[in-house]
Structures are given as structure tokens and as C-alpha cells.
Amino acid sequence: MITKNMETIVVIGNGMVGHRFCEKLVEFDTTKQYRVVTFCEEPRAAYDRVGLTSFFAHRDAEKLMLANLEWYRRNGVELHIGDRAHTIDRKKQRVISDKGHEIKYDHVVFATGSYPFVPPIEGIKLRGVFVYRTIEDLRRIIAYGQHVKKAAVLGGGLLGLEAAKAAHDLGLETNVIEYNGRLMPRQIDEAGSRMLVKKIEELGVKVLLNKGAKEIQGNGCVERIVFNDKEVLDVDMIIVSTGIRPRDELAKQCGIDVGERGGIMVNDQLQTSDQQIYAIGECALHAGMVYGLVAPGYEMAEVVAKNFCGEAVTFRGTDLSTKLKLMGVDVASFGDNDAGPEIAKPLVYEDPFGGVYKKLLFNHEGTKLLGGVLVGDASDFGTLSMLAKSPDPLPYQPGELILGSGGGAAIGGIDAFSDDAQVCSCNNVTKGDICQAIRKGDLSTLAEVKACTKAGTGCGGCLPLVTDLLNEELSAAGKSVNKSLCEHFSHTRQELYEIIRVKDIKTFDELIASHGNGQGCEICKPAISSILAGLWNEQITEQDQHTLQDTNDRFLANIQRGGLYSVVPRVPGGEITPDKLMVLGQVAKKYGLYTKITGGQRVDLFGAQVQQLPDIWEELVDAGFESGHAYGKSLRTVKSCVGTTWCRYGVQDSVGLAIRLEERYRGIRAPHKIKMAVSGCVRECAEAQCKDVGLVATETGYNLYVCGNGGAKPRHAELLATDLDEDTAVRYIDRFMIYYIRTADKLNRTAVWVEKMEGGIEHLRKVIIDDSLGICDELEEQMKYLVATYKCEWKEVVNDPEKRKLFRQFVNTDESEPGIEIVAQRDQQRPADWPKDFVPISSLTRASSLSSSPDLSRSPSSATNGRKPAPNTTWIKVGITSDFPKDGGATIKYGEVQLAVYNFTSRGEWYACQNMCPHKNAFVLSRGIIGNAGETPKVSCPLHKKPFSLQTGESLSGEDFSVKVFPVKVEGDEVFLLLPPKSQLDALLSTDLHCVRDCREKKSAEPECVPV
């Protein structure tokens, strides 16, 4: 709330530093002295410009945002997005914006940042020349990059190398052009530059040093660069990254002093020549220096915020340490990394084979670390940077530091540092700050520590140290992170995979008996089944595998609303003949199926009842189709463009390769679904760079991308290798697939897997291409076995009468019923909508109908726990034991009621309940996975995983609905249920569609079809 006594601070600029000032002022201004108004020239609020290059991976601006708009509203910060402050009237103390806002101020804070310096060379304004500064710049680069082949980056500094990585990841032939004789001339020395150039060129990017661009030529668009030495380089696109200049034009306009070479001049309090106006970040010139890093800007923001709130502090310059991964190569510098021989002695380590260069500078006595440069291995950056900042004598010999030992504080342990030691220089967070936050806030994850302390949210170089501190604090508190698969297995998925592989375990029963407890659940059963399938490739419809599956795998189709299924035949590479297209149409018309083209270039047939599936598959198999595995955690599709088959731009046969890949990897089970694509040229019509595996054709082969992801959390794939022939590409994909199957956690897509992987894509490249673990032959052999033992799951069911029985709707009758209301729409049939004010039937009926219904007993299996059967109930035979699958359920029909009966073999018990799940009133519970939660037997609904006790029928997720349960007994091989007369049970649990629809739509608590 704004009051008359509040002073107004106008912040001009809402970049990282401007936002940090707002954040710190909100934190320090506990008495609400200030109203804050901030102008943001860009079309979005502050975002992480340090992490800008990651935008190429996920293409999601929201992921870079430093705060959502609600944060500004909640904290009373008045934010003007897309509105530039263009005038400061110092006499009237007001700021005027492009959109006409006039704000009277008491103080102004310039946080206008900088702009890219673009050298004034001829041709610089041709189409195809870009700068690398904002999200909009990146979007323009991505769009233009789809239509060109060769790129050049002018400038070999930090941003220039990030821009080069972006161009390289777009599949472009990339050149880095640097005017000086070394890369990153402000951060690393000549030897470090040589190592960096070697590493970058090994990735396929060419580096040109001592090269000055004289002219850019082209007929409207960029075609070539002419250098000062008259050499010429043909390119299609240029990204300029030749340094920055402070945004000081508004300060000049209103008469504030600026430096001769730019920058708003400030004193140690960061005040300008007007004492009411301050400048922070890249626009400020302090003691003759403009800081181009985020950490100094953050420190400036905090100094000004503290001074406004009564704490007298000054800015005396700051640490320029930085750690980055450039083109996949670790590069770091810290402290005084350019100290001369008059004050420093260097200690140098160079490994040309491992691609590692380290130079550490010590005082002449060797008791103080002054600074250093790290290339190729910056794992000890956090520790070394802390030592350089510490006033204490070194706790190690210089030689120990140069050799290091990798990983956070491994040199001597984080205990060697005092609580005052700075861990995060970007946000000035000490070891003591982090430890106190963990203890007081009961923090247990890295994300919580980052959110609470801001450590690790800048450049990220301190994260290994922050992780070490978190682990040590958790260990000291006697806490540990539980990575068990579930309550039945105290192992991770990766550990269970190795146990199964090494001990040659073939069944879930064998594994849980030797390495688990209980009977399993809906988490571990599908996960273990996937491991077994990924190792031994046995059919998932076999008796020991069938009921371990989620309903999609169990019935080899995707369950949809109301318990109906969709059928997706495989169409390799999206190529299909007219005859096969007609078969799909004929099958859809015959069975009344809704048809739709999928995003993966296939045809989806919706609305099949479970008992129809084998008949539909038989017709499809006879026509030459096979299972498309749209239901499985396995390869879904290999999308393709037409490539050289038809396209005038195509340079490779993308369709042919897509078909080869799809027919090779079909049916292979993995931790999650896998999608692939092949594009026939760099125009990328198949969208290969957002797939788990993507191939983009070049003139000489294919560039291989991995670990991309579309969907809810998009992630751009990363380049693994370039210009591969087809056989080499297939070999690398073989290795990649098996390594993923072996090491990923349950339900982790490849995108999540690589993000969690230590070393990320670089580690993956070493394993897959360089065979750093010595396992590539083994990975290839395992893939050969899986490929050789493939069988179409649909065909196996179609040709086996016993397996066809698993798809009966009811085991005690050949009758069938739809179970869901169907409506017409756009000349097709689909399920009726769930009402917006949907209320589960059991919630409607519990208070009334269940109170007056007969006591059907809640006792399980063949006994009734010594209680007399309820009056007017009878033991009704519903089938024989072989009708009900081992450790699974099947449906019986009794009057108009569907009941689920479970053969819980591993417990030696039988259970029964209504087949309708009360959550969405779908008749599906018999298809759910059964298991135990503690001592309680349970079934998990296959639609939304709602768990119910098989003993009491109560919801185990605490929700306000339940299912009716019934006693079961087995005599010989005959199975009986204790049931009331059909008419009585029909009145309570009828599956009549009109009744179900009325119950769904009633707003009263008493549906008319259930007598009270």
C-alpha cells in the first residue's frame, strides 16, 4: 500500500541487476519507506541473461524468468513492461516513458545495462547479421538458422563462444573469428587459449585468430566476409559479439557525468554527479572500470539497497571470478589471474592428451593463492576461488592445489574453510549463510538451498560446493535422501537393473523374494517388468509378465476415457501405401472407431472395447501392419520428412533411414517412451532436434542429436556427433539406447536423464563415442540380441487362443456392453464429456444407499472371518480359477452389475469389488495393478492410479469415495462370490448407461436409480 510519507525510487532497467536491486530493497525495507517503480524496455520482465544459451535447448522463455509477475504485485513493485524511460527532468524530478507515464521521483537508479558493440564495417547491415544479447535476438537467430548452412561469429570472448555453440547446435558449419591472438583475451592466457582452441576445433568449430573483418559482402543477404589480409570466408549468417558498451545515453541527455569512453560515473556509494541518482551494473563506471559480469552488478545492487535502508556501505571493486562451459569445455578464471612476476609465481599443469590446462598464481612465499586460469577441468574452481579470496594462509602446499582431486571441495574438504568464506561470489553468500539456512529451514534438496540463499543462482560455478555443504549438513543431522524404487525395494532402478542382469533373474517373483518385500505395487511392477523386457525380451503377455503391466501394456493399447482403447498400428517413417490406408479406413468403419492423424505421422483408431482388440489386430496384421507400441515405454515413432525421395532441398534419404531405425528399435522397452526423427536437410521439417534421438542430414552424412523433448517441458536436443554415415549413426544410437536403458531412473525421459547425469552431454559423448568406460562392445551386443528376438505382440496374441482369452470383457459370459455413453461429433463417435460439476457416484450414494443396503461383509477370500453371511445373500459361482490371471483381476457380469475378481496368488488370497472406479465412474478396476501398501492389499485404478483397499474398499489416497467389496471363496477350481439377489445389487451398482449418466448429472445426493 502506497502512503504519502513514502519516497519514490524509479529504477530504469529491469535486467538481472535492476531486478536484484528491487529484490534487495524489498528485503531490507522492513518499514516500507519506499515506493518502487521500474521501467522494462524488453517485452518481458527480468530473465537470466547468464543462462541465455540454454534457451536453444528448451526454447521456453518462462524457464529463464527470475520472478513471475505475481512477485512484483505481491511486493508492491510497479512494473512497466515494454516501456522505455526516455526523459529525466532533474529540475521537476520526474521520469517520462515512451507510453506517456510520468513518475515523480525522490531517487533514480540507472540499471540500463549495456548494448552490443557492432563494428562500423561495410555490409554490417545486410540481412543475416545478428547480435547476441536478448531472447528476441536468439529467436531471430533460430529462425534464420533454419534456412542456411554456414555461420561465423565475430568475437572470441565469453559471449562469442556461447554464440558459436548456439550456431553449432543449430547444425551450422561454424567459424569463430577473433581479432586478438587468443580466445577470451580478458580471462585466459595464451597457453590456456591454445588448449581451448584445440578442444573447440575437435568439436568441429573452426577458430581463426588474428583476423579482422574488413567488409561483409552479399546481394541483400550475407554471402562472405573479407578480412584485412584480403582472405575471404563464405558464410550465410554472422553473429556479432565484439564487446559491449554501457547504456548511458539517458544519463548524457539529462546532464549527468559520463566517462570519456562511456559509462555513468559513480562514487563508492554508487551515486552519480546528481546525488539523488545512482547507477549500477554494466552502465556504471566505477574507479575507471565498467564491470561486464553479473556478480559485480549484484553487489552494486545490494550496496545501494542497503544505503537506502540506513546501512552505510561502500563499493570498492569486486571479484571477477567466472566459470563457464563454453562449447562443452570447462573454462574458469578467478582472482588476479594476470598478476606479473613482480608479485606472483606461477605453477602450471598442462595435459595435452586429456585436454586440461591449469595455471595458478601464488605469492612468492607460496602461502597465498592470488588467482588462476582453468581450461578443460574446472571441477576445483569453487575451492580455489574461495582460497584466493581468503585472508588466511593456504592450508595446502601449492603442488596439492595444482593436481587437485576433482569435485567440489575434494582438495581438503569444505571443513577447511571458515564460516566467513565466500561460497557464491555472484550473490555474496558465505559458507555460514548456507549452513545456517539448511539447519534452520530444515532444507533437504539443492533446489531448496538455492531458493533460500540464492547461492548457485548466478553463474552456477559454486554448485559443487553448495552440494557438498548440503550433503555434509544432512549427514551431520543423521538424514539421508531415500532413492529406493518404492516401499518394496530398497534399491534404485539402476541397482535393480544390475542385480537382474548379473544374477540372471527372469521373473518379478524371483526378484522380490530375493531382494524385496511384500507383494509389490503399481510403481515397482511396471518398472521391473520394463527391466526384464529390456534384458531378456520375453513377451509381456506371458503369464509371469502379464499382470505386472500398466493397463496400456497389459492390453497392448492405450486406455482412453471410459475404459475404451485406441489402436495405433506402426507406419515406419510415416510412409504408407494407398492399400494400407484403405484397410485402416475399412477397419475403423467396421468397428465404429474414431480416427485421427497423430503428431508422429500415424493413424490413431479410438474407441475399441477390450474384447474387440484381438479381432481388430487380426485384420490389421493380415494386411501387413504390426503393433505401433504407442502404449509402451518404448520407441513410439521415427518421424521423417520426404528427403531426397521428393524434396528439392533434400540431401539424404531421410525416409529410408527413418524406416531402418523404426524397424530396428521397435518394441524395445525403456525407462520411458522414446521418440526419434530424421530430417533430410537443415530446414528440419521432421523437428529432429526436439526428439530423444534426432538426425539432421548434411551434404556428407547426418548430425546426431540426442536427449531432446517436446511436450509439457520442451528441451532442445544436444549435438552428439556430426557428419555420420548411416552405419555409424546406427551404431552410436545402439550404444545410446542401451546405456539409457541401463542407467536412467524410472519414468525419466532422456532429457531428464542427461540433465541429471554428472558431466551431461560431454560424459555421454565420452561413453558413446570414445568408449571411455570400455563397454561399447557390450552395449552393441545387447542391442543385437534385442533386435534379433523381436516379435510383434499383436500377432502373438492373434495366433494364441489362450492369450486371446485375456481380452474377454467378462469371464463368465459372452455378453458385452459398452460401459460408456457415446455421442456424435463432426461425423464421428466419441465419449460423452465428463460434466464440469462432476461428482463421483459413491460420494452421491454413500450416505443414503449404502446405509440401507444389505451387509455384504468386508472380509476377503474364502472365509468370512467367523461372521454369519448377511441375510438374503447366496454364494454364486462366477468362474473357475484359470479364468482369473495370476496376481491380477478379471471382470464378471452379475445381472446388470460388473464386478472385479482378483486372484492374489502371491498372498494366497482372493478379493472382489465393484468394477466401477468411483473417481470417474469408469468400469476398469479389474484391469488395475494389485499389490500391497504396508499390510493392506490394494488395487490401483488404471485410469488415474487411485488406490483402494481390497479389504475395506476405502480410498487409500484419503479421498471421499470408496468401492463396495464382496467375500470370495474357492472350492476346488470353482470361484464363488457371496452376493444378494440380482435385482437388489442392480439397484445399487447397475451398469445401465442411463442410470450412470443420471447419477453423474444429478446435483442432489440421491440418484433416482438407487432406492433409499
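Is W617 buried or exposed, and what is its relative accessible area? In this predicted model, W617 is buried, with a relative accessible area of 0%, where buried stands for under 20% relative accessible area, exposed for over 50% and partly exposed for values in between (1.4 Å probe, protein chains only). Because the model is predicted, local features need pLDDT of at least 70 and side-chain atom pairs count only at pLDDT 80 or more, whereas totals for chains, interfaces and linings use all residues. Residues are numbered from 1 along each chain as its sequence is written, and side-chain values use heavy atoms, with hydrogens and water left out.

**View 1. Stacked tryptophans W617 and W794.** The structure contains 19 aromatic pairs, a pair being rings of Phe, Tyr and Trp (its six-membered ring) whose centres lie within 6.5 Å, with planes under 30 degrees apart counted as stacked, over 60 as edge-to-face and the rest as tilted. W617 and W794 form a stacked pair, with 5.4 Å from centre to centre and 10 degrees between the planes. Since W617 belongs to helix α20 and W794 to helix α26 (residues 793–798), the pair ties together parts that are 177 residues apart in sequence; helices (H or I, at least four residues) and strands (E, at least two) are DSSP runs, numbered from the N terminus. W794 is buried, with a relative accessible area of 0%. One aromatic cluster is formed by F555, Y565, W617, W794 and F807.

View 2. The structure holds 62 salt bridges, each defined by a side-chain nitrogen of Lys or Arg within 4 Å of a carboxyl oxygen of Asp or Glu. E23 and R20 form one of them, at 3.0 Å from N to O, and they are separated by about one helical turn because they stand three residues apart in helix α1 (residues 16–28). E23 is buried at a relative accessible area of 16%, and R20 is buried at 5%. In helix α4 (residues 135–145), R139 and E136 are likewise three residues apart, about one turn of the helix, and their side chains form a salt bridge of 3.6 Å, N to O. R139 is partly exposed, with a relative accessible area of 38%.

View 3. The closest N and O atoms of R666 and E626 are 2.9 Å apart in a salt bridge. R666 lies in the loop between α21 (654–665) and β33 (674–679) and E626 in the loop between α20 (613–622) and β32 (635–640), so the pair ties together parts that are 40 residues apart in sequence. R666 is partly exposed at 21% relative accessible area, whereas E626 is buried at 15%. Elsewhere, a network of salt bridges links E498, R501, R742 and E778.

View 4. Zero disulfides are found in a search of the whole structure, a disulfide being a pair of cysteine sulfur atoms within 2.5 Å. For C283, the nearest cysteine sulfur is that of C254, 12 Å away, and C283 is buried, with a relative accessible area of 0%.

**View 5. Charges over aromatic rings.** A charge sits over a ring if NZ of Lys or CZ of Arg is within 6 Å of the ring centre and within 35 degrees of the ring normal. The charged end of R245 lies over the ring of F117, 4.0 Å from its centre, and that of K506 over the ring of W536, 4.9 Å from its centre.
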